[in-house]
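Hi,

Here is the structure I promised to pass on to you. Have a look at it first, and then read on for what turned up in it.

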Amino acid sequence: MVMTSLRVRRHRLPLWALVLTVVAVALPAVATSRAQGAATGCTVTYATNEWAGGFTAQIRVTNLGAALNGWRLEWAYGGDQQITSAWNAQVTQSGSAATAVNAAHNAVLATGGSVDFGLQGTWRTADPAPTAFALNGAPCGGTATPTPTPTPTPTPTTPAECAGAGATICSDFEDQTGTVPSGDWQTTAPDCQGTGKVTVDTSVAYSGTRSLRVDGGAGYCNHVFAASTRDLSSVGPVVFVRMRVRHTTALPTSHVTFVSMPDASQSGKALRVGGQNGALQWNRESDDATLPEQSPAGVALSTPLATGRWLCLRYQIDTTAQSMRTWVDDQEISGLRVDGVPTQDVDGQWLARRTLPRPTGLRLGWESYGTGEDTLWFDDVALGSSPIGC
């Protein structure tokens with residue numbers, strides 16, 4: 001009835017009113033055209049690896065529009081998915097709506113360029129892949145590409161965020177074809193061996209379908225590691241390390257180690273990352289110096305490690321100065337910082353020795369010197385001469 005009325009009256013309108021009517025009708029057409037143009041400005045693939053109650057997703061965004069300096073990807077879930085962690089982007093969720101914002105190192109997205117990031121989450125009743133995305137507010141033309149079944153035979157791959165950074169070690173263990181570490185990773189037990197073991201795991205992974213699992217046993221001198229075959233003697237002058245690690249058990253009161261780096265300045269003895277008194281610490285094998293010092297005040301300046309979820313552990317070691325820094329989930333740990341100036345309860349023991357470190361290798365595993373056992377996993381391990389973010 002309304003349309004009929006408008007058609008009848010339109011013949012009686014003066015010329016100026018006809019012009020306004022044409023403009024009013026044309027405006028929605030212009031808006032539709034702009035929306036269609038925005039839809040061709042990007043494509044997205046969303047590839048999932050799903051298991052009962054959980055999933056990981058690898059997401060690639062390709063920019064088909066103007067170059068961007070800072071990007072934001074938005075989508076909505078159709079099931080009851082809950083994101084628990086992410087890498088290579090800052091991902092948040094409110095209800096079914098999810099938003100990924102660039103990390104500092106991948107903010108620039110050129111025309112035709114792509115960026116990859118990933119996430120892990122849980123679900124209870126349904127895990128359908130999202131089908132609509134928007135890049136910086138503009139709808140994307142691509143559709144999600146779910147791949148719930150992992151490829152039976154993995155092909156050698158490296159994490160995108162370190163593959164292009166010239167990293168000496170860049171491993172997500174997807175090139176491992178059996179349960180025993182092989183190729184770039186070899187099982188080793190420096191000093192002595194106990195009941196611990198290290199395997200390639202296909203049931204728990206931060207990204208992809210594989211990770212390195214360590215069943216660390218308690219008891220004096222219970223050592224087991226997967227050692228990288230790469231020689232790190234020429235990496236530097238600052239050595240940057242990033243890895244994902246997941247602990248089952250909280251760090252114990254007794255001293256334990258889960259990352260070990262043979263150090264030429266200690267005649268091959270190791271720089272060690274582990275725990276004592278329930279908090280993260282560094283230990284120097286040759287003189288047993290700790291960072292922080294194991295006073296109550298020193299321990300309070302470090303941090304315990306969460307269990308049952310993936311953590312991002314990053315650290316850097318300067319081979320030309322007394323300088324070390326450590327981060328957990330991008331939060332710098334003040335008790336694990338060496339800057340050449342003694343800080344009470346932190347680095348007094350560490351600075352007592354002036355020889356500069358020179359790491360030559362990387363080992364991931366478990367060392368117990370008494371009590372303390374854990375099952376832990378490593379994934380997305382990167383080491384190089386340039387910073388590698390979480």
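Seven aromatic residues gather into one cluster: Tyr46, Phe55, Trp71, Trp75, Tyr77, Phe117 and Phe133. Before you go further, keep in mind that this is a predicted model.

There is more on the aromatic side. The count of aromatic pairs comes to 10. Take Phe173 and Trp185: their ring centres are 5.3 Å apart and their planes stand at 50°, so this pair counts as tilted. Phe173 sits in the loop between strand S12 (169-171) and strand S13 (185-188), while Trp185 belongs to strand S13, and the two are 12 residues apart.

Another pair to look up is Tyr206 with Trp310, which is edge-to-face, with 5.7 Å from centre to centre and 70° between the planes. What does this pair tie together? Tyr206 is in the loop between strand S14 (197-201) and strand S15 (211-216), and Trp310 is in strand S22 (residues 310-318), so the pair connects parts that lie 104 residues apart in sequence. Tyr206 is buried, at a relative accessible area of 0%, and Trp310 is buried too, at 4%.

Two arginines also lie over aromatic rings. Arg284 is over the face of Trp350, 4.6 Å from the ring centre. Arg314 is placed over the face of Trp327, also at 4.6 Å from the ring centre.

Now for the nonpolar interior. As a general point, nonpolar side chains in soluble globular proteins tend to be buried together. Here the largest nonpolar core has 45 residues, and the members that touch the most others are Phe258, Trp282, Tyr315, Leu362, Leu364 and Phe378. Apart from that one there is another core, of 25 residues, including Phe55, Val61, Val115 and Leu135.

Asp215 is in strand S15. Is Asp215 buried or exposed? With a relative accessible area of 16%, Asp215 falls under the 20% cut-off, so it counts as buried. Which side chains does the side chain of Asp215 make polar contacts with? One is the side chain of Arg213, at 3.0 Å, and another is the side chain of Thr375, at 3.3 Å. Leaving out neighbours within four places in sequence, Asp215 is in contact with Gly196, Lys197, Asp374 and Thr375.

Finally, the overall picture. The protein has 26 strands and 5 helices. Of its 390 residues, 48% are buried. Among contacts with a separation of 6 or more, 70% are between residues 24 or more positions apart.

Over to you, and happy browsing!

Terms used. Residues numbered from 1 in each chain as written. Predicted model: local features only at pLDDT ≥ 70, side-chain atom pairs only at ≥ 80, totals over all residues. Heavy atoms only, no water. Phe/Tyr/Trp six-rings, centres within 6.5 Å; stacked < 30°, edge-to-face > 60°. Helix = DSSP H or I, 4+ residues; strand = E, 2+ residues; numbered from the N terminus. Buried < 20%, exposed > 50% of the residue type's maximum accessible area, 1.4 Å probe, protein only. Lys NZ or Arg CZ within 6 Å of the ring centre and 35° of its normal. Core = buried A, V, L, I, M, F, W, Y, C linked by side-chain atoms within 4.5 Å. Polar contact = N/O pair within 3.5 Å; in protein donor to acceptor, adjacent residues only side chain to side chain. Contact = heavy atoms within 4.5 Å.
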